[in-house]
Amino acid sequence: MVIAGCTSTTKALTLEQVIAAFQDEEMQLHKADGNEENIFQQGINEVTPSFYQLSDGVIYYYIFNSEKERIKGREDFYHRPVEFVKHQAFVINNVLIFYVYGKKQGDELDQKIKAAISKL
């Protein structure tokens, strides 16, 4: 008798690994000020983000326990009224990343973020 199970083949990433990948792409992260009213800082499904000033905007890192939890977290996040905030979402394994644009919105930084993620 053979019993087959479903297991996740993705590697869970840590905040330290993600930050190191961004720094390897020469992106300078500086701790950002907190604001309890900021929808991105309120957390998702009991996961509180780490957030940093990056270029002209703020980047939020949500580190979930699993890819499945990350998928559910992203879905739950978009049930909130965020469409008026200019942002971009990025995902890899158990990590959900939001970059909230400041005054400038450009593809250059998006490409750098994608490059950092591709190295994880």
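Tutor: pLDDT is the predictor's confidence in each residue, from 0 to 100. In this predicted model, the protein averages a pLDDT of 89, and 92% of the residues score at least 70. Residues are numbered from 1 along each chain as its sequence is written, and side-chain values use heavy atoms, without hydrogens or water. Local features need pLDDT of at least 70 and side-chain atom pairs count only at pLDDT 80 or more, while totals for chains, interfaces and linings use all residues.

Strand β2 pairs with β1 (residues 29-31) in the antiparallel sense, over three bridges; pairing requires at least two DSSP bridges between two strands. Within this pairing, H30 has Q53 of β2 as its bridge partner. The loop between β1 and β2 contains N45, whose phi is positive, near 50 degrees, in a residue other than glycine. N45 is partly exposed, at a relative accessible area of 41%.

Strand β2 also runs antiparallel to β3 (residues 57-63), to which five bridges join it. L54 stands opposite G57 of β3. The two strands form a hairpin with two residues between them, and S55 in that turn has a positive phi of about 55 degrees. Confidence is highest in β3, at a mean of 97, and lowest in helix α3 (residues 107-118), at 92.

N93 has a phi of about 50 degrees although it is not a glycine, and it is found in the loop between β4 (87-92) and β5 (95-100). N93 is buried, with a relative accessible area of 17%, whereas N45 is partly exposed. N93 is among the contacts of R70, a residue of helix α2 (residues 67-77). R70 is itself buried, at 8% relative accessible area. Beyond four places in sequence, R70 is in contact (heavy atoms within 4.5 Å) with F64, V91, N93, N94, V95 and L96.

One segment calls for caution. Where pLDDT is low, the predicted coordinates should not be read in detail.

How values were computed: Helix = DSSP H or I, 4+ residues; strand = E, 2+ residues; numbered from the N terminus. Buried < 20%, exposed > 50% of the residue type's maximum accessible area, 1.4 Å probe, protein only.
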